[in-house]
Amino acid sequence: MVKPKPKTGSFVLPGDWLGVIEEFTPNEGTYEEKGEVYAANAGMVLIDKMERRVRVVPVEAPPFPKKGDVALGMIVKTGKALSIVSVARIGGRFLSSPCSGVIHVSQISNEFVVKPTDAFKTGDIVKAKVIDRRGDLIQLSTIGKKFGVVHAFCSKCGTMLIPKNEKSLICHNCGNEEKRKISVDYGKTKI
Ligand code: ZN
């Protein structure tokens, strides 16, 4: 029986045969036994034909948002009671595709917030905690000092806003002042 030959991009499991030592030098994620090369871990095969090397790169599943995770996303809409967030990252890892999150007005801050537009504006980048999940929709909260807006632009001229105090941001270009629920990590979070 002829063994099927894994190609670059093939998914393999530990112990899967990759080829013979005459063809490839075993590399990361592989091992050699009696002149044959096998996968040491599950992952994707990468064959460098020029260098005659074979590697198996572990494939990590994209993160699955769950209660307690820290999410990073962009405010796409603010309504009367809810703010909609397009979540791009969970716990520092990018999702395979953005998912939707909502922040209820009661989950913005420990202080009373009359309307979500007093805390967020479309285009703001927010850091929030996942508090619940129903199917594809996740519920988020920005209660707590770490959570809230981490990056925002002036709604008049588009310049990045600078914190003025705990509750407002200021534009150094046009002097416009805007209220937000600001995270202590404002301006410090890589996006
Ligand atoms: Zn401005």
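Hello everyone, let me begin with a count: a search of this whole structure turns up nine salt bridges. By salt bridge I mean a side-chain nitrogen of Lys or Arg within 4 Å of a carboxyl oxygen of Asp or Glu.

Before we look at some of them, a word on what is on the screen. This is a predicted model, where local features need pLDDT of at least 70 and side-chain atom pairs count only at pLDDT 80 or more, while totals for chains, interfaces and linings use all residues. Residues are numbered from 1 along each chain as its sequence is written, and side-chain values use heavy atoms, with hydrogens and water left out.

Now, the overall picture. How many helices and strands does the protein chain have? There are zero helices and 16 strands. Both come from DSSP runs, numbered from the N terminus: a helix is H or I over at least four residues, and a strand is E over at least two. The C-alpha atoms fill a box of roughly 70 × 40 × 20 Å along the principal axes. For 191 residues the globule rule gives 16 Å, but the radius of gyration of this chain is 24 Å, well over that, so the chain is more spread out than a compact globule. The radius here is taken over C-alpha atoms, and the rule is 2.2 Å times the number of residues to the power 0.38.

What share of the 191 residues counts as buried? The value is 37%. Buried means under 20% relative accessible area, exposed means over 50%, and partly exposed is in between, with a 1.4 Å probe and protein chains only. The chain exposes about 11,300 Å², and carbon and sulfur atoms supply 56% of that. These areas come from the Shrake-Rupley method with a 1.4 Å probe, and for residues only the protein chains shown count as cover.

Next, please find the zinc ion. Which residues are its protein donors? They are Cys154, Cys157, Cys171 and Cys174, each through its SG atom, lying 2.3 Å from the zinc ion. A donor is an N, O or S atom within 2.8 Å of the metal (3.2 Å for Na, K and Ca); water is not among the atoms, so sites may look incomplete. Along the chain, the donors follow the spacing C-x2-C-x13-C-x2-C. Cys157 is partly exposed at 32% relative accessible area, whereas Cys171 is buried at 2%.

The geometry of the zinc site is tetrahedral, with angles of 99 to 121° among the four donor atoms. The ideal angle for four tetrahedral donors is 109.5 degrees.

Back to the salt bridges, as promised. Lys167 pairs with Glu111, their closest N and O atoms being 3.1 Å apart. That pair links distant parts of the chain, 56 residues apart: Lys167 sits in the loop between strand 14 and strand 15, and Glu111 in the loop between strand 10 (93–104) and strand 11 (125–134). Lys167 is partly exposed at 47%, and Glu111 is partly exposed at 47% too.

Another salt bridge joins Glu177 and Lys164, with closest N and O atoms 3.1 Å apart. Glu177 lies in strand 16 and Lys164 in the loop between strand 14 and strand 15, so this pair ties together parts 13 residues apart in sequence. Glu177 is partly exposed at 42%, and Lys164 is partly exposed at 48%. Salt bridges that share partners also join Asp124, Glu178 and Arg180 into one network.

Asp69 and Lys66 form a salt bridge as well, with closest N and O atoms 3.4 Å apart. Is Asp69 buried or exposed? At 14% relative accessibility, Asp69 counts as buried.

Last stop: the backbone. Most residues other than glycine have a negative phi. Lys34, however, has a positive phi near 50°. Lys34 is in the loop between strand 4 (30–33) and strand 5 (36–39), and is exposed at 79%. Arg52 also has a positive phi, near 55°. Arg52 is in the loop between strand 6 (43–48) and strand 7 (53–57), partly exposed at 46%.

Note on methods
Four donors count as tetrahedral if all angles lie between 85 and 135 degrees; four count as square planar and six as octahedral if opposite donors are over 155 degrees apart and all others between 65 and 115; anything else is irregular.
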